[in-house]
Amino acid sequence: MSVIVQEPQTEQVNQLVVNDFNINVATANGSGSQTSNNMLIRSLYKMGIPVTGKNLFPSNIQGLPTWFNIRLSKDGFLARRERIEVMICMNGATVAEDMESVESGGIILYDDALPIANHRKDVHYFPMPVKNLVKAANVPYNLQRYIANMVYVGVVAHLLEIEMDEIKQALIWNFGGKTKPIEMNWGIVTAAYDWAQENLTNDQPYRVGRMTGFNEGTLLVDGNTAGALGAVFSGFTFAAWYPITPSSSMAEGMISYAAQVRRDPETKQATYAIIQAEDELAAIGMVLGAGWAGARAMTATSGPGISLMAEYVGYGYFAEIPAVIWNIQRMGPSTGLPTRTSQGDILASYFLGHGDGRHPVLLPADPTECFEMAGAAFDLAERLQTPVFVLSDLDIGMNLWITKEFEYPEKPLDRGKVLDAEALTKFKDAHGGQRWGRYLDVDGDGIPYRTLPGTDNPAAAYFTRGTGHTEYATYSERPDVWESNMQRLAHKFETARTLVPAPVVDEVDGARIGIISMGSNHPAIIEARARLRDEGIETSYLRVRALPINGDVRTFVEKYDKIYVIENNRDGQLCEILLVDLHDLGYKLVSVAKCDGMPLSARWITEQVTK
Amino acid sequence: MTATPTRTPAARAPKLNLIGLEKTEYKGGDSTLCNGCGHDSISARIINAAWEMGLKQHEVVKFSGIGCSSKTPAYFLGMSHGFNSLHGRMPSVATGALVANQRLIGIGVSGDGDTASIGIGQFKHLVRRNVPMVYIVENNGVYGLTKGQFSATADQGQTLKYAGTNPYMPLDICIEALAANATFVARSFAGDAKQLEVLLKAAIAHRGLAVLDVISPCVTFNNHDESTKSYAFGKEHETPLHDLSFVPSYEQIEIEDYDDETEVQLHDGSWLVLKKLDAAYDPTDKHLAYRTLEDARKQQKLITGIFYIEPETPSFLDILQMTDTPLARLDESRTRPSREALATLMAGL
């Protein structure tokens with residue numbers, strides 16, 4: 001990566017810190033700060049600066065404190081970073097704490113109406129006359145509260161030297177080109193900028209500068225949007241969902257994109273259906289009904305929804321019905337922390353349901369993988385005729401990530417082993433005289449053939465049930481019939497092992513330590529490995545992208561003296577699953593797990609490996 | 001012209017329906033229910049109705065939940081796909097399947113436990129959405145498979161051998177359906193073959209969801225004479241609202257207009273003719289339907305017939321505005337937008 005930083009023109013500061021600090025914006029939920037924050041991060045991104053945005057929001061509609069953390073990293077590290085250099089205080093409820101949180105030498109911009117005590121000598125304070133600027137803007141009373149947040153955009157743009165033209169472009173993008181709100185907001189941004197220019201002495205060290213070499217060929221997007229696009233472009237025809245944080249925006253994204261590209265331009269007829277169900281029990285029921293009838297069907301939910309879906313997921317496993325279930329993980333157990341991230345549903349998803357059963361689980365690490373795995377999950381579900389989970393999380397799903405542009409999927413859809421009327425007639429000849437049976441494994445991979453309702457062939461019909469059944473789908477309670485069917489399902493799961501996405505491995509010569517992790521931890525692992533290297537510790541890294549794990553994981557574990565399994569939950573759930581398959585190597589595995597609702601940081605990971 | 005050859009009388013020509021099939025071809029597997037179970041009579045009526053209407057079995061899908069009643073789709077229309085789902089969760093599966101392939105004719109069979117207890121939520125939402133299918137509740141007021149517990153439709157004060165006396169008021173499935181804005185609400189009695197068959201045909205022809213609450217006594221656990229879900233009670237107390245006849249769309253419609261008849265045309269062009277016993281009964285009057293059901297409950301009367309019908313309401317499938325090809329049959333060229341479409345959407349991010 002070649003990085004060119006244009007030196008900003010500045011007066012009177014000795015040591016400038018360029019494109020390498022955190023901005024934290026403290027506001028109240030529902031005050032419209034999202035627009036202001038998106039404008040900031042978008043304009044920084046468009047200036048070519050590696051940025052990441054983490055929205056720390058409450059489970060509330062209006063009033064509770066919210067923080068938006070923007071990390072700028074000229075070196076391209078995009079994990080959450082705990083330190084704050086630039087603090088913007090707009091919320092009286094948290095202002096004291098917020099001001100304490102700033103690094104020594106940092107700066108604090110604050111609404112000058114907030115009740116504060118400027119006692120720290122080691123930071124720069126910049127009061128902002130929010131009330132006066134809003135008053136002068138002469139906007140309708142009901143909009144004043146929203147527009148107030150534009151003040152800090154203007155002030156911080158001046159102090160950090162964010163290009164005003166990029167802010168304008170971000171504003172135009174945000175309001176979809178609608179002139180009235182653009183003008184109103186732009187008016188207050190420029191007023192604040194002008195005020196800052198005239199009234200503030202910019203004697204603080206933090207600056208931004210245009211860069212190249214990192215953001216080219218990328219998007220700034222959240223994982224739910226990416227997953228929604230992925231589904232729309234990988235042939236989904238049916239989705240049923242029930243609103244639940246943090247997954248709702250995925251279903252809503254699908255509604256929006258599908259309406260744009262999956263309806264006939266003239267008749268408006270849709271090549272899909274999206275149904276808001278009455279609850280998650282019904283959402284998964286609809287998905288199984290649709291999948292059974294031949295649709296490419298999916299749902300998106302989160303932990304509490306997964307609990308409700310347990311009975312139908314077990315049914316889908318046993319009756320062998322394709323379904324894709326997106327679990328945008330939030331912190332559990334129970335209602336937990338609905339607006340905080342977690343990787344706590346690995347075990348629950350992998351083993352969901354009573355009785356013996358396991359389900360393929362895909363583990364995207366960023367929005368691009370959400371896009372790609374949307375299609376991969378459908379292919380696997382239809383190939384394997386079973387429910388397949390995609391485990392994203394709130395951090396990937398709802399935060400803004402710089403991520404590789406999505407590649408148009410070239411691979412044809414895999415619709416699995418479906419017999420139409422003609423193929424059914426020819427089945428016997430094609431399979432050595434063997435009559436078709438719904439649960440008969442003729443190929444030796446554990447995967448039987450299925451027919452769809454509506455197939456015009458008298459032999460096509462079968463009766464689908466969650467009770468014991470023979471290879472020909474008739475009812476049976478015979479011990480041998482039951483057990484051989486269960487063994488075939490276990491065999492099918494071994495086939496799944498060969499089909500799911502393989503891990504991504506980065507091995508370093510001479511490393512004695514291995515790191516295994518998954519999903520949204522990826523940016524923190526990259527950064528932690530760089531820090532460890534600085535301390536003279538080389539590490540190799542394997543990122544699990546799916547369960548069940550394949551042979552690559554064993555090979556990796558065998559190679560290293562010690563393997564740290566890093567994850568965002570309490571119990572080390574990925575480590576527990578690895579121990580099931582690699583119990584003979586279990587002595588090498590060290591579980592490194594944390595569950596505080598926040599994305600993992602490189603600092604914490606580095607500490608765990610070096611302690 | 002040559003003379004027509006004289007036909008030798010055949011052994012006995014089997015009776016064939018419109019599409020040339022014998023009735024036996026509409027059967028399913030052998031029933032495993034108790035001898036004399038009302039549910040088996042209902043299966044026989046479904047077989048007869050489907051045969052007489054000349055339904056193509058591959059266009060029919062059967063759904064059920066869990067319980068004695070839910071086993072029965074295995075016993076009729078053996079050449080139709082069937083989905084014996086989870087307890088109380090048939091409506092969602094049926095919704096998904098019928099949206100995936102809107103050409104299918106859905107027939108769901110549930111019981112009073114499956115619909116009125118564990119499945120009341122999904123049932124009411126199925127009704128609310130007006131998913132086009134027949135929803136039969138084989139209602140006996142008792143849990144048979146788990147050996148004789150009360151269901152939510154059991155009468156207050158009713159006594160069962162093991163469960164004792166029921167202290168709670170029952171839910172009335174027809175009233176629940178009406179309250180959820182059902183477009184077809186009817187009740188019948190498993191022992192009334194003629195009426196049940198007419199209702200089944202009308203329900204199949206109905207454009208939206210047709211709720212058919214069929215009192216089907218449990219011969220093993222709930223056949224005490226005092227129960228409203230017993231044979232003796234049913235036979236003695238059954239008061240049909242009207243005499244029914246169903247005129248399928250493929251027959252020429254020649255109905256003489258009597259003063260005491262109401263005709264309802266269904267979306268496929270067929271007619272339901274109601275000959276009123278109660279001259280005042282108008283099946284398009286929802287208030288009347290509520291009152292009739294409530295009065296019947298108070299008077300412990302088994303009123304049968306169509307309480308309410310509204311043939312014009314758009315079905316769930318109409319509302320979804322889907323392409324004519326069923327979703328399940330769309331190929332990749334229709335379900336994967338172009339490279340340019342992706343580029344455009346990405347540019348907007």
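Colleague: How many helices and strands does chain A have?

Modeller: Helices (H or I, at least four residues) and strands (E, at least two) are DSSP runs, numbered from the N terminus. Chain A has 19 helices and 26 strands. This is a predicted model, in which local features need pLDDT of at least 70, side-chain atom pairs count only at pLDDT 80 or more, and totals for chains, interfaces and linings use all residues. Residues are numbered from 1 along each chain as its sequence is written, while chains are lettered from A and ligands numbered from 1 in the order in which they are written.

Colleague: In which order do the six strands of the open sheet in chain A stand?

Modeller: Two strands pair if DSSP finds at least two bridges between them. In chain A the order is 3-4-2-5-6-7, with mixed pairing. Strand 3 (51-56) and strand 7 (124-128) of chain A are at the edges; each has a single partner strand, so one side of each lacks a neighbour in the sheet. Strand 3 of chain A runs antiparallel to strand 4 (residues 65-73) of chain A, and six bridges join them. Within this pair, V51(A) has L72(A) as its bridge partner.

Colleague: Which residues touch the most other members of the largest nonpolar core?

Modeller: In soluble globular proteins, nonpolar side chains tend to be buried together. A nonpolar core is a set of buried Ala, Val, Leu, Ile, Met, Phe, Trp, Tyr and Cys residues joined through C-beta atoms within 7 Å. A residue is buried if 20 or more other C-beta atoms lie within 10 Å of its own, exposed if 12 or fewer, and partly exposed in between, with C-beta atoms placed from the backbone. Of the 265 residues in the largest core, F238(A) and L362(A) touch the most other members. Helix 4 (residues 141-160) of chain A contributes the largest share of this core, eleven residues.

Colleague: How many residues of chain A are in contact with chain B?

Modeller: Two residues are in contact if their C-beta atoms, placed from the backbone, lie within 7 Å. Here 56 residues of chain A are in contact with 46 residues of chain B. Helix 9 of chain A gives the most to the side of chain A that touches chain B, namely ten residues.

Colleague: Which strand of chain B is joined to strand 20 of chain A?

Modeller: Strand 2 (residues 81-84) of chain B runs parallel to strand 20 of chain A, and three bridges join the two. G82(B) is the bridge partner of F463(A).
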